[in-house]
Amino acid sequence: MKCPECDGEIPLPKDAIEGEIVTCPDCGTSFELYKKEDGRFDIRSIQVVGEDWGE
Ligand SMILES: [Zn+2]
């Protein structure tokens with residue numbers, strides 16, 4: 001799995017499940033695993049919600 005941020009290789013666990021969080025060992029960015037329509041896994045950015053830094 002290629003990291004969209006740094007093009008590094010993100011290892012996928014053999015027993016990967018949808019919704020699992022994987023982290024790129026190169027840049028430290030975390031992604032969420034999801035299943036595409038063809039049944040293969042892909043990753044997407046995690047949408048951070050609920051973080052309120054008190055503007
Ligand atoms: Zn990366």
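In the predicted model, three strands form an open sheet in the order β1-β2-β3, and their pairing is antiparallel. The edge positions are taken by β1 (21-23) and β3 (41-45), each of which has a single partner strand, so one side of each is left without a neighbour in the sheet. Direction ignored, neighbouring strands of this sheet are turned against each other by 45 degrees on average. Strands of a sheet pair through backbone hydrogen bonds, in either a parallel or an antiparallel sense. Strand β2 (residues 30-35) and β1 pair in the antiparallel sense, with three bridges between them. Ile21 has Glu32 in β2 as its bridge partner.

The protein chain contains three strands and zero helices. Read from the N terminus, its elements follow the sequence β-β-β. For the 55 residues of the protein chain, the globule rule gives a radius of gyration of 10 Å; the value for the model is 13 Å, well over that figure, so the chain is more spread out than a compact globule. The C-alpha trace spans about 40 × 25 × 15 Å along its principal axes.

Of its 55 residues, 7% are buried. Among the contacts in the protein chain with a separation of 6 or more, 12% are accounted for by residues 24 or more positions apart.

Key
Residues numbered from 1 in each chain as written. Predicted model: local features only at pLDDT ≥ 70, side-chain atom pairs only at ≥ 80, totals over all residues. Helix = DSSP H or I, 4+ residues; strand = E, 2+ residues; numbered from the N terminus. Rg over C-alpha atoms; globule rule 2.2 N^0.38 Å. Buried ≥ 20, exposed ≤ 12 C-beta atoms within 10 Å, placed from the backbone. Contact = placed C-beta atoms within 7 Å. Pairing = 2+ DSSP bridges. Axes fitted to C-alpha atoms, helices over the stretch in contact; angles between N-to-C directions.
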